[in-house]
Amino acid sequence: MEKIGFIGAGSMAEAIIAGLIKDGIFQPEQVIVANRSNSKRLEELSTKYGIKTTQNKKELAEESSIIVLAMKPKDVKAGTDGIQGEIDQKLIVSVLAGISIDTMKRIFGNQAAIIRAMPNTSATIAKSATAIAASENVTMNQIKKCQTLFEAIGICKLVDESQLDAVTGLSGSGPAYVYFLAEAMEKAASEMGLDSDIAKELIAQTLLGASEMIASSDKSPSQLRKEVSSPNGTTEAGIKVLQEKGVKDALISCVKRSCERSNEIKTEFQTALISSNS
């Protein structure tokens with residue numbers, strides 16, 4: 001019986017576990033979770049999902065055919081020490097932001113089958129936009145299996161690793177940009193005297209509806225925007241203010257800067273790992 005093991009027991013690991021069990025991709029007895037020291041957290045997950053938990057990551061690696069690295073990126077070396085000899089013919093899936101496949105090869109060896117995944121926090125409600133990239137040793141069957149894992153928490157797209165920094169800036173950090181927009185809309189509603197609870201519901205439904213329109217329509221966001229904007233109407237008046245304030249350029253710069261920072265973190269971590277091994 002195939003098993004999947006998670007090293008790290010945080011919110012992302014839980015979101016993936018919940019999706020896998022809900023969709024019947026893995027049964028609870030096929031899931032193992034380990035973390036370094038938080039036995040209370042492991043007990044919570046075991047009680048909630050009926051899964052196996054352990055603080056022995058070597059035991060987890062021995063039993064699992066898929067090993068998901070879900071610890072904090074800074075803990076990757078400590079979290080993987082001692083399991084390198086247990087990964088032959090197994091798939092390593094990393095959800096660690098800023099940790100490249102090359103860096104993972106330094107830990108597990110050049111022959112390891114490694115997939116980098118970039119989900120986002122909407123995984124907790126099964127609405128993640130996830131991109132994955134694979135090392136050359138990953139088989140097509142393993143790629144399809146990994147896509148199935150992440151489709152349990154949203155959508156999943158295969159990209160080249162060189163594109164993952166862009167994905168990080170766009171969809172990895174993207175929920176925060178939307179929350180920032182919602183903050184501004186809430187503040188405007190408050191200043192216009194709208195009840196905060198009513199405003200929150202209206203804003204949430206507006207964003208949800210607009211997202212569904214983008215997803216379901218074959219029209220571009222630009223076309224959809226123009227269809228809402230009647231000449232000399234209320235929407236056009238609002239859009240003109242956004243244009244005057246340079247909001248579109250600011251958002252473009254925001255995504256690009258997040259992408260740049262992702263690349264910087266990757267370089268910083270790889271440099272630190274090389275230094276620690278020298």
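1. Let's start with A15, which sits in helix α1 (helices are DSSP runs of H or I with at least four residues, strands are E runs of at least two, both numbered from the N terminus). A15 is buried, at 8% relative accessible area; the cut-offs are under 20% for buried, over 50% for exposed and partly exposed in between, using a 1.4 Å probe and protein chains only. Its contacts, leaving aside neighbours within four places in sequence, are A123, T124 and I153, where contact means heavy atoms within 4.5 Å.

2. A word on what we're looking at. This is a predicted model, so to speak of local features a pLDDT of at least 70 is needed, side-chain atom pairs count only at pLDDT 80 or more, and totals for chains, interfaces and linings use all residues. Residues are numbered from 1 along each chain as its sequence is written, and side-chain values use heavy atoms, with hydrogens and water left out.

3. Now the overall picture. The protein has 12 helices and eight strands, and its C-alpha atoms fill a box of roughly 70 × 40 × 35 Å along the principal axes. Of the 278 residues, 39% count as buried. Taking contacts between residues at least 6 apart in sequence, 64% join residues at least 24 apart.

4. I51 is another one to click on. You'll find I51 in the loop between α2 (39-49) and β3 (52-54), and at 4% relative accessibility I51 counts as buried. Not counting residues up to four places away in sequence, I51 touches I17, I21, P28, V31, V33, L45 and S46. F180 is 129 residues from I51 along the chain, and their C-alpha atoms are separated by 36 Å.

5. S135 is in the loop between β7 (128-134) and α6 (140-151) and is buried, with a relative accessible area of 6%. Beyond its neighbours within four places in sequence, S135 is in contact with I101, K105, A112, A113 and I114. S65 is in the loop between α3 (57-63) and β4 (66-69) and is partly exposed, at 26%. With the neighbours within four places again left aside, S65 is in contact with E2, K3, K90 and L91. From S65 to K90 is 25 residues in sequence and 5.0 Å in space, C-alpha to C-alpha.

6. Next, backbone angles. Q89 has a positive phi of about 70° although it is not a glycine. Q89 is in the loop between α4 (76-80) and β5 (91-94), and with 71% relative accessibility Q89 counts as exposed. N232 also deserves a look: its phi is near 60°, a positive value in a residue other than glycine. N232 lies in the loop between α10 (221-228) and α11 (234-244) and counts as exposed at 72% relative accessibility.

7. On to helix packing. Two packed helices are described by the angle between their axes and the distance between the axes. For α7 (residues 164-172) and α8 (residues 174-191), the axes come within 5 Å and cross at roughly 30°. Axes here are lines fitted to C-alpha atoms, for helices over the stretch in contact, with angles from 0 to 180 degrees between N-to-C directions. The pair is therefore roughly parallel (under 35 degrees; over 145 is roughly antiparallel, 65 to 115 roughly perpendicular and the rest oblique). G169, L170, S171 and G172 in α7 meet G174, P175 and Y177 in α8. By class, that contact has three nonpolar, four polar and no charged residues; Ala, Val, Leu, Ile, Met, Phe, Trp, Tyr, Cys and Pro count as nonpolar, Asp, Glu, Lys and Arg as charged, and the others, Gly among them, as polar.

8. Last, the second largest pocket, with about 800 Å³ of space. A pocket is an open set of points on a 1 Å grid over the protein atoms alone, where a 1.4 Å probe fits, with protein on both sides within 12 Å along at least five of seven lines; lining residues have an atom within 4 Å of a point. The volume is the space filled by probe spheres set on the points, which are joined across faces, edges and corners. Of the 33 lining residues, G8, G10, A70, M71 and K72 are the closest to the centre of this pocket. Helices α1 (11-22), α4 and α7 each supply at least two residues of the lining, which by class has 13 nonpolar, 14 polar and six charged residues.
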